[in-house]
Amino acid sequence: QVQLVESGGGLVQVGGSLRLSCEASGRTVSSYHMGWFRQGPEREREFVTTISRHSTRTYYADSVKGRFTISRDNAKNVVYLQMNSLKPEDTAVYYCAVRASGIDGVFYTREYEYDDWGQGTQVTVSS
């Protein structure tokens with residue numbers, strides 16, 4: 001089991017930026033498919049982005065493409081989510097997730113495809 005701890009959330013104005021971090025313990029993040037999901041007020045949890053295992057290939061939801069960037073620091077065992085040009089609709093609790101099995105280079109975008117989750121970090125974008 002991999003334990004994940006997110007941080008970096010907070011309150012930001014429209015158009016601002018935040019960088020979320022997801023620190024993994026137990027295994028190196030390069031060995032896992034890593035994903036970010038979010039759940040806004042009165043909304044179901046939705047896919048945001050993922051980075052494939054053993055590669056730098058990434059995939060984004062259309063709603064964040066061009067504004068958000070996922071990256072991985074293998075030395076620190078941390079996955080980041082850089083969020084720019086934030087909008088009110090980005091307000092949500094952001095969750096980091098990990099999937100141990102699967103195919104390198106394949107993108108996993110559904111909640112049930114992930115094995116372990118962090119506790120989440122709140123992001124609030126004010127207008």
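User: What do the numbering and the confidence limits rest on?

Analyst: Residues are numbered from 1 along each chain as its sequence is written, and side-chain values use heavy atoms, with hydrogens and water left out. The model is predicted, so local features need pLDDT of at least 70 and side-chain atom pairs count only at pLDDT 80 or more, while totals for chains, interfaces and linings use all residues.

User: Why is Phe47 called buried?

Analyst: Buried means under 20% relative accessible area, exposed over 50%, and partly exposed in between (1.4 Å probe, protein chains only). Phe47 has a relative accessible area of 13%, so Phe47 is buried. Phe47 is placed in strand S5; strands (E, at least two residues) and helices (H or I, at least four) are DSSP runs, numbered from the N terminus.

User: Which residues does Phe47 touch?

Analyst: Contact means heavy atoms within 4.5 Å. Not counting residues up to four places away in sequence, Phe47 touches Trp36, Phe37, Tyr59, Tyr60, Ala61, Tyr108 and Thr109. For Trp36, the C-alpha to C-alpha separation from Phe47 is 6.6 Å, at 11 residues apart in sequence.

User: What makes a set of residues a nonpolar core, and which residues have the most contacts inside the largest one?

Analyst: A nonpolar core is a set of buried Ala, Val, Leu, Ile, Met, Phe, Trp, Tyr and Cys residues joined through side-chain atoms within 4.5 Å. The largest here has 33 residues, and Leu4, Met34, Trp36, Phe68, Leu81, Met83 and Tyr94 have the most contacts inside it. Elements giving two or more residues to this core include strand S3 (18–25), strand S4 (33–39), strand S7 (68–73) and strand S8 (78–83). S9 gives the most, with 5 residues. In soluble globular proteins, nonpolar side chains tend to be buried together.

User: What does Phe68 touch?

Analyst: Beyond four places in sequence, the contacts of Phe68 are Arg38, Val48, Tyr60, Leu81, Gln82, Met83, Asn84, Leu86, Asp90 and Tyr94. Phe68 is on the covered face of S7 with Ile70 and Arg72, whereas Thr69, Ser71 and Asp73 make up the uncovered face.

User: How do you know that S7 and S8 pair?

Analyst: Two strands pair if DSSP finds at least two bridges between them. S7 and S8 have 6 bridges, in the antiparallel sense, and therefore meet the rule of at least two. Among the bridge partners, Ile70 goes with Leu81 and Arg72 with Val79.

User: Why are S1 and S7 said to stand at the edges of their sheet?

Analyst: The sheet is open, with 4 strands in the order S1-S3-S8-S7 and antiparallel pairing. Strand S1 (3–7) and S7 each have a single partner strand, so one side of each is left without a neighbour in the sheet.

User: Are Tyr59 and Phe107 buried, exposed or partly exposed, and why?

Analyst: Tyr59 is at 38% relative accessibility, so Tyr59 counts as partly exposed. Phe107, at 24%, also counts as partly exposed.

User: How do you know that the charged end of Arg99 sits over the ring of Tyr108?

Analyst: A charge sits over a ring if NZ of Lys or CZ of Arg is within 6 Å of the ring centre and within 35 degrees of the ring normal. The charged end of Arg99 is 4.0 Å from the centre of the Tyr108 ring. Arg45 likewise lies over the face of Tyr95, at 4.6 Å from the ring centre.

User: Why is Glu42 called exposed, and what is its phi?

Analyst: Glu42 is at 87% relative accessibility, and therefore counts as exposed. Its phi is near 60 degrees, a positive value in a residue other than glycine. Most residues other than glycine have a negative phi. Glu42 is in the loop between S4 and S5.
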